[in-house]
Amino acid sequence: MARDETAAAHFDAVVVGAGLAGLYTLHRLRRLGLRVRVYEAAAGVGGTWYWNRYPGARCDIESMEYSYSFSPELEQEWVWTEKYPSQPELLRYIEHVADRFDLRRDIRLGTRVAAARFDEAASRWMIRTEPGEGAAQVAGDGLGTDSEEDAGQTVSAQFLVMATGCLSAVKGPEVEGLERFEGDCHHTGRWPHEGVDFTGRRVAVIGTGSSGIQSIPIIAEQAAHLTVLQRTPNFSMPARNVPLDPETQRTRKAEYPEHRRLARESVFGIPVDFPVKSALDVRPEERERRYQESWEKGNLVDILISYTDILFDRRANDTAAEFIRGKIREIVADPDVASALSPTDHPVGTKRPCLDSGYYATYNRDDVTLVDLRRSPIVEITPKGIRTTEGEHEFDDIVLATGFDAMTGALLSIDIRGKSGRSLREKWAEGPRTYLGIGTAGFPNLFIVTGPGSPSVLSNMVVSIEQHVEWIADCVAFLRRRGFASIDATVEAEDAWVEHVKEVGDLTLYPTADSWFMGANVPGKPRVILPYCGGVGVYRQKCDEVAAKDYEGFTLSS
Ligand code: FAD
Ligand code: NAP
């Protein structure tokens, strides 16, 4: 780093990532008059909606909720076409935002941040970049990269904002032999832009999380034969996606101010009516009716908030879980396949719930086979396909729907060093430690958007992103107004927050599942609850109280 530092460009703030979080951070910090630079590893803006182009990729929060609220003009102007927006539509929306707010001129695409070191004497971050996706092709194309040198240099900034995404570091299947496979292999989170034609091909999908569940029905329609390799079955409910008619859209737009306020104060970042009864206090027929309503609604969280204790009491949860298992038995013709598809090892909602379009019915097709990896685990990937303990299956294509090193993966892939050169990897070796999910002690002026210890992935993420970005921008404005050069979480405040996140998590059923919420999907990752389970509204209040008390729990230095 030392050689490059002499020629460093200086910014007030560097933002890492140009997804929904990075773009809004740029917009807010610019409005404060800051000189901001955004680095994005991808060759385009959009983050999640740039990378995840697999068949069927779409949002499972309604478009009119999963959208920025910061600009009344934007929310009134933009016309959504479907209840649940597809990946192309979301990417178009995000690109429109980048243009509408003239964001691109401060974004350097195809540029990965490889390292960041806090220079204590200067109270500034030294940030080293390297070429990212398609750097050479992006350079000089007018899309925001000045020159190829931009992709490999060191710059300095007073503030460093990590908008690197909770679900941006993809994870593979951790089996031997992938590199020997002679067919084509694609991860859902790194899907080719030109698409993949599966016509006439024998395709394997590994993974049955949301990405697998969305893509499997569509791949099945194309492929000559589809084999799904499932380790853990998931609970899924029908999305019931529909086109958004102009009248509904007009009405909803008229109600936006109140609707957005309710979302900000809600538990999941979506305004919903709160339950008053325990699932165990009502008669089975009443419960059945209520769960059937959820099944028909096509809503991600409705069944979880049908009763007060679905996410807190295993017996209550079992009633909802059994309802969904009953639906699987109704839909899937072969009882053995239905049984293999029925989750029994985790309570419903403790792994990220899924919404689907024809997922379970796909297994009634003659050209679709389910391989239960619990019975016959993968031994290796061979040149011709996949060998399980029961034998070799031959494929032309393998689709890895194997997920992400969530919440910490993208942050820890950067060599971040704070005070006294201490690395973030070392500090978080036993699990992430943050104050409010925004700061981490010993790393002054480093802000994390929707970091571990914040509600983030347990919410409509756009609501959480806006809340974090606004809090961070207000904090930066405060520091400048009061003449402080830096802000750093205290170890005491951080310890108390980490404890609080654990305590609240332990009140729920989340820790009982081997989920990515718990870090359990990545071998060797510490098992801790990553998101804060206290809810978006409560969390916002806590953050606001900290700010109102002149950033209580942080040390401010001149
Ligand atoms: P991202 O969109 O992940 O953007 C982060 C960006 O940072 C990426 O472009 C990445 O390339 C870049 N980056 C990372 N590290 C570096 C580095 N070192 N240097 C330079 N750039 C870097 N959330 C919901 O609320 N509802 C949904 O329905 C929903 N659906 C989803 C569907 C899929 C397939 C996935 C994967 C996630 C989904 N999410 C959903 C979560 C989604 O990630 C968030 O809603 C949101 O898009 C996150 O925005 P972000 O800007 O924080 O992160
Ligand atoms: P995921 O939920 O982590 O699912 C990964 C799947 O791959 C799981 O079934 C997992 O099994 C399996 N798997 C992982 N490693 C494996 C291995 N070594 N061998 C065999 N199987 C393996 O990942 P995802 O589906 O990409 O979704 C991640 C998150 O992104 C979601 O939870 C959601 O937040 C978001 N998302 C949302 C949508 C949407 O509908 N809006 C769509 C896609 C993604 P185990 O369960 O046994 O680990």
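A polar contact is a pair of N or O atoms within 3.5 Å. The views below show a predicted model.

**View 1. Polar contacts of ligand 1.** A polar side-chain atom of W51 lies 3.1 Å from an oxygen atom of ligand 1. The side chain of E40 places an N or O atom 2.7 Å from an oxygen atom of the ligand. On its own, ligand 1 has 970 Å² of accessible area, of which the protein covers 94%.

**View 2. The shell around ligand 1.** Two or more residues of the shell come from each of α2 (20-31), α3 (48-51), β4 (111-119) and α15 (461-482). Among the 33 residues around the ligand, E40, T48, D60, Y66 and M461 come nearest. By class, the shell comprises 18 nonpolar, 11 polar and four charged residues.

View 3. Q249, R252 and K253 are the buried residues of α8 (residues 246-254). Seen down the helix axis, these buried residues fall within an arc of 100°, so they line one face of α8.

View 4. S294 belongs to helix α10 (residues 284-297). Its relative accessibility is 1%, so S294 counts as buried, the cut-off being under 20%. The side chains of S294 and R290 are joined by a polar contact of 3.1 Å. Leaving aside residues up to four places away in sequence, S294 touches M237, D302 and I303.

Terms used
Residues numbered from 1 in each chain as written. Chains lettered and ligands numbered in written order. Predicted model: local features only at pLDDT ≥ 70, side-chain atom pairs only at ≥ 80, totals over all residues. Heavy atoms only, no water. Buried < 20%, exposed > 50% of the residue type's maximum accessible area, 1.4 Å probe, protein only. Helix = DSSP H or I, 4+ residues; strand = E, 2+ residues; numbered from the N terminus. Arc of directions from axis to C-beta. Polar contact = N/O pair within 3.5 Å; in protein donor to acceptor, adjacent residues only side chain to side chain. Contact = heavy atoms within 4.5 Å. Near = heavy atom within 4 Å. Areas by Shrake-Rupley, 256 points an atom, 1.4 Å probe, with all protein chains shown as cover. Nonpolar A, V, L, I, M, F, W, Y, C, P; charged D, E, K, R; others polar.
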